[in-house]
Amino acid sequence: TIPLWRVQVKSAVKNCKGAENLTCEDASHDHQYYVEGFVTTPMKDLQGEVVKESVFPEIVNNIAKPPHNLGWLHHESPYANPDAAKAAPAIVYEEARVERNPIGKLGVWVRGKLNKMHPNFKQTWNEAKEGFLNAFSMEFMPLNETKEMIGKELTNVVDQIKYLSTSLVR
């Protein structure tokens with residue numbers, strides 16, 4: 001199964017011990033830092049909306065190409081917080097696909113590389129490793145939504161969106 005959230009470090013240096021006058025610490029600038037997990041599933045989100053599975057291919061297509069392949073820390077997002085000072089992207093999404101999550105629901109899974117030049121990179125990486133940053137927030141404008149009974153609740157069901165961005169969140 002694919003985990004809901006995972007952090008990972010990959011190094012471009014294959015064998016630190018065999019290189020003369022080079023230690024793994026010296027080569028740490030070659031490391032790349034990744035986060036991966038699910039952006040959305042057809043379950044009610046924190047805004048009380050459900051994004052239909054039929055929208056997932058559109059999300060995958062958008063998240064994988066500029067300018068939508070860039071993401072921010074949520075409080076820096078130009079979409080979630082348009083009055084915030086312009087911030088550098090915290091992440092670039094390199095891979096996206098429709099997958100089943102650990103409970104068997106289809107969702108959009110992404111893998112993104114953290115921006116080592118972001119002014120808060122060290123804090124972002126440490127918070128991701130320690131689980132304080134542990135989710136993604138997909139920012140979109142619903143273009144078509146209906147009200148449907150899901151369980152015993154009337155719920156906004158989104159079947160068409162304008163995708164904007166995906167942020168790292170707590």
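Biologist: How many aromatic pairs does the structure hold?

Modeller: Three. Keep in mind that this is a predicted model.

Biologist: What is the geometry of the pair formed by Y33 and W125?

Modeller: Edge-to-face. The centres of Y33 and W125 are 4.8 Å apart, with 65° between the planes. Anything over 60 degrees counts as edge-to-face.

Biologist: Where in the chain do Y33 and W125 sit?

Modeller: Y33 is in strand 2, residues 31-40. W125 is in helix 2, residues 121-130.

Biologist: Are Y33 and W125 buried or exposed?

Modeller: Both are buried.

Biologist: And Y93 with F136, what kind of aromatic pair is that?

Modeller: Y93 and F136 are edge-to-face, with 65° between the planes and 6.0 Å centre to centre. The pair ties together parts 43 residues apart in sequence, because Y93 lies in strand 5 (residues 91-100) and F136 in strand 7 (residues 135-150).

Biologist: Which residues do ring pairs link into a cluster?

Modeller: Y33, F121 and W125.

Biologist: Now charges. Which ring does the charged end of R97 sit over?

Modeller: The ring of W109, at 4.0 Å from its centre. R111 also has its charged end over a ring, that of Y34, and the distance to the centre is 3.9 Å.

Biologist: On to strands. What is the strand order in the open sheet of three strands?

Modeller: The order is 3-8-7, and the pairing is mixed.

Biologist: Which are the edge strands?

Modeller: Strand 3 (49-51) and strand 7. Each of these pairs on one side only.

Biologist: How are neighbouring strands of this sheet turned against each other?

Modeller: By 45° on average, ignoring direction.

Biologist: How many bridges join strand 7 to strand 8?

Modeller: There are 15 bridges, and the two strands run antiparallel. Strand 8 covers residues 153-169.

Biologist: What stands opposite I150?

Modeller: E153, in strand 8.

Biologist: Last one. Which strands does helix 1 lie across?

Modeller: Strand 3, strand 7 and strand 8. Helix 1 spans residues 56-63 and runs at about 10° to strand 8.

Methods. Residues are numbered from 1 along each chain as its sequence is written. This is a predicted model: local features need pLDDT of at least 70, side-chain atom pairs count only at pLDDT 80 or more; totals for chains, interfaces and linings use all residues. Side-chain values use heavy atoms; hydrogens and water are left out. Rings of Phe, Tyr and Trp (its six-membered ring) pair if their centres lie within 6.5 Å; planes under 30 degrees apart count as stacked, over 60 as edge-to-face and the rest as tilted. Helices (H or I, at least four residues) and strands (E, at least two) are DSSP runs, numbered from the N terminus. Buried means under 20% relative accessible area, exposed over 50%, partly exposed in between (1.4 Å probe, protein chains only). A charge sits over a ring if NZ of Lys or CZ of Arg is within 6 Å of the ring centre and within 35 degrees of the ring normal. Two strands pair if DSSP finds at least two bridges between them. Axes are lines fitted to C-alpha atoms, for helices over the stretch in contact, and angles run from 0 to 180 degrees between N-to-C directions. Contact means heavy atoms within 4.5 Å.
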